[in-house]
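Hi,

Here's the structure I promised to send over. Have a look, and my notes on it follow below.

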Amino acid sequence: MGVTKTFYIETFGCQMNAHDSEKVVGTLVSEGYRQVSTVEEAGLVLYNTCSIRDKAEQKVFNRLADYKKLEKQGKKFGVLGCVAQQEGDKIFERAPYVSMVCGSASYRNLPAMLVQLEAGNRRVTGLDDRQTDACFETECTARTNPHRGYITIIEGCDKFCAYCVVPYTRGKERSRTAESVLREARQMADSGFTDVQLLGQNVNSYRDPSGKMSFAELLTAVGEVNGIRRVRFTTSHPRDFTPDIVAAIDAVPALCDHVHLPVQSGSTRVLGAMAREYSREEYLERVAWVRSAKRPISMTTDTIVGFPGETEEDFEQTLSLLDEVGFDAVFAFKFSPRPNTPAISLQDSIPEEEKSRRLQMLMDRQREIQRSRYARHVGQIMEAAVEGFNSQRGQVIGRSTQNKTVNFTTPHPIRPAPGSYLPVRITQSFPNSLVGEAVS
Ligand code: SAH
Ligand code: SF4
Ligand code: F3S
């Protein structure tokens, strides 16, 4: 009888990586491996990595260093994802106990790579040229949540923002046919999924290779799949964001009241230096489209502080943009110079303490904005999708269509099941969550 092969996988980075890991797990399980929850139990240890900022990359190498002594126990280590694609073979020099390096476009070759690994090959690589490999269609995807799941609609990125590694780690934009996206959505609905999230670095750059549907039409079609109650999409680039996306949200009940539209900076000058290809005014025009919808669509964004040459005035413009838009969440980052990107040759001119000061100011300002935005929900009744239960607080954990956390109590002793939907009356608000009680 063969010994059961075991693996442990840890995932860093964005939702694309989280979903890739589901594909990797599905592939390994179909190859006879069993997933375990600790490094200690595993024969094969995999890190699905992110290199968006220096800290993310450092985390991976620190983690590998923590465990290198375990190699002596016969464990094998593999590095997957964006650091793998970025660093390639160099990882074997930097972390000699690693014996597999595999980028995201090569996951379909994993079965063959595992055979090589088992045969004792110490340097197994899968670093495909990703121009041609669309890698959407995976036979085996081990979805971690039985109600809510991702669907990749577009891979890669052609935008080449001056600060960003993604075009180098994920390759050129490749869209998937609308037909294949819809097939996956229907299959998911048939197996009990009610909530799907369409994924891509730029979902609204989607171009159906069969020419049948625009992005807004695809959104509509997914939203109309029988059994699907909630559809989100991430991420949108302001340059490709069009009014028909807002019209689709207005028209199709299953599309969520939420748009994530990363702005990066409120200063047109900095946006130019970042090669974002829109101005502050053009961004605000898109916000106006969203705000003119019949539905109360919440907006969230990403910002970078301390981009090379960002003056105090530029930064003030980012703060004033936050006031002007009223986002419901902001993910703010300090600029981090990344390999291969144009911004690496600019002088990283803002000292670390100054970046920290700007980041803190921005987060403080946004906290106050959110405090008042969340407070507007008190007294409203909203639908919460049940995600879990917090036994310490005795509260059900839910999520609103606007993507806000809603913690609530129920009048019945029976806990509502994850994946169910309940109307909740909001009684209290915080800057990052709402509290309420289910109404029967
Ligand atoms: N495709 C998405 C972004 C993906 S990366 C988009 O275009 O909006 C997620 C966020 O990380 C970006 O929006 C940006 O705010 C941040 N980011 C990317 N590169 C960065 C860098 N070099 N330093 C700091 N933040 C960065
Ligand atoms: Fe990076 Fe810009 Fe592409 Fe987003 S659009 S992934 S920030 S290059
Ligand atoms: Fe990180 Fe790669 Fe995503 S760099 S943010 S895991 S695309």
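First, a term you'll need: a salt bridge here is a side-chain nitrogen of Lys or Arg within 4 Å of a carboxyl oxygen of Asp or Glu. With that rule, 4 salt bridges turn up across the interface of domain 2 and domain 3. One pairing to look at is Glu383 with Arg229, a salt bridge whose closest N and O atoms are 2.6 Å apart.

Some housekeeping: this is a predicted model, so local features need pLDDT of at least 70 and side-chain atom pairs count only at pLDDT 80 or more, while totals for chains, interfaces and linings use all residues. Residues are numbered from 1 along each chain as its sequence is written, chains are lettered from A and ligands numbered from 1 in the order written, and side-chain values use heavy atoms, with hydrogens and water left out.

As for the layout, the protein splits into domain 1 (5-126), domain 2 (148-373) and domain 3 (381-438), with bounds from an automatic or database domain assignment. The C-alpha centres of domains 2 and 3 sit 26 Å apart.

Back to where those two meet: 16 residues of domain 2 are in contact with 14 of domain 3 (contact being heavy atoms within 4.5 Å). Together they bury about 1,300 Å², 36% of it on carbon and sulfur atoms; that's the accessible area (1.4 Å probe) the two parts lose on being put together, summed over both.

Cheers
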